[in-house]
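New notebook page, new structure. I'm jotting down what I look up as I go.

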Amino acid sequence: GWKREGPEGFRLIVATVATTVWATTLAVDAADLRLSRSAVTIAEALRYAAWLLAVIALARPVTSSAMQRCARLYAVAFPLVAVLVAVLAAAGYDAGMGDALLIRGALVGALLGLVLLEQVYRNASGSARVAVSPLVLGVGGLFAYDLFLYSQAELLRGLSPVAWEARGYVNALFVPFLAIAARRNPHWSLDVFVSR
């Protein structure tokens, strides 16, 4: 089950719910049901914020306070800016701002997420490393694919339709890792130590 004790488990549940909302938004968008690009950007921003807050909770004992502040600031700012851009787009301002925000905001989120996950894995003790490795593989895989997708979009000045459409399948491939992680660590109390 997904009943967890402490803030780590709760944040993982929130991240899972945010990912479900994100996947539903992208499915509606793919079905050409006239969903605005702003809705996709907001769903993307909320998904990143939720996953980063979940990883911050796990990484708290092993990351610098500056890194945690940076990730928290991003987790608050990206969704707020996405909503602001959506309001501006609805008012008739440049809709291209939304695409730039999506690409650059998600690129930063993917990088932050990978750095935090690396800190969690590197500083976990042997037994905790076994428990946390499926989570690192699952969430790290999501972030790694997004890093590929959005860095390619930044270089090519636009999202690749093929890479964008493959994203749902790639995300589905990492779901079993998250399920294994939830099963292996029912209380999310990682035995971590601070590296010298």
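Predicted model: local features only at pLDDT ≥ 70, side-chain atom pairs only at ≥ 80, totals over all residues.

First thing I want to know: are Arg167 and Glu44 buried or exposed? I checked, and both Arg167 and Glu44 are buried.

**Entry: the Arg167 and Glu44 pair**

I looked at how these two meet. Arg167 makes a salt bridge with Glu44, and the closest N and O atoms are 2.3 Å apart. Arg167 sits in helix α6 (residues 161-184) and Glu44 in helix α2, so the pair ties together parts that are 123 residues apart in sequence.

**Entry: another partner for Arg167**

I kept going with Arg167. Arg167 also has a salt bridge with Asp146, with the closest N and O atoms 2.8 Å apart. Here helix α6 holds Arg167 and helix α5 (residues 126-156) holds Asp146, so this pair ties together parts that are 21 residues apart in sequence. Asp146 is buried, as is Arg167.

**Entry: salt bridges elsewhere**

How many salt bridges does a search of the whole structure find? I get seven. One I wrote down is between the side chains of Glu118 and Arg122, at 2.6 Å from N to O. Glu118 and Arg122 are four residues apart in helix α4 (residues 96-123), which means about one helical turn separates them. Glu118 counts as partly exposed because its relative accessibility is 36%, and Arg122 is partly exposed with a relative accessible area of 40%.

**Entry: α2 against α3**

Back to helix α2, this time for its packing. The axes of helix α2 (residues 37-59) and helix α3 (residues 65-90) come within 9 Å and cross at roughly 170°. That makes α2 roughly antiparallel to α3, because angles over 145 degrees count as roughly antiparallel. I also listed who meets whom: the α2 side includes Ile42, Leu46, Tyr48, Leu52 and Ile56, while the α3 side includes Tyr74, Phe78, Pro79 and Val83. Alanines turn up on both sides, among them Ala45 and Ala49 in α2 and Ala75 and Ala82 in α3.

I placed Val21 in helix α1 (residues 6-30). Val21 has a relative accessible area of 47%, so I noted this residue as partly exposed.

Technical notes. Residues numbered from 1 in each chain as written. Heavy atoms only, no water. Helix = DSSP H or I, 4+ residues; strand = E, 2+ residues; numbered from the N terminus. Buried < 20%, exposed > 50% of the residue type's maximum accessible area, 1.4 Å probe, protein only. Axes fitted to C-alpha atoms, helices over the stretch in contact; angles between N-to-C directions. Parallel < 35°, antiparallel > 145°, perpendicular 65-115°, else oblique. Contact = heavy atoms within 4.5 Å. Salt bridge = Lys/Arg side-chain N within 4 Å of Asp/Glu carboxyl O.
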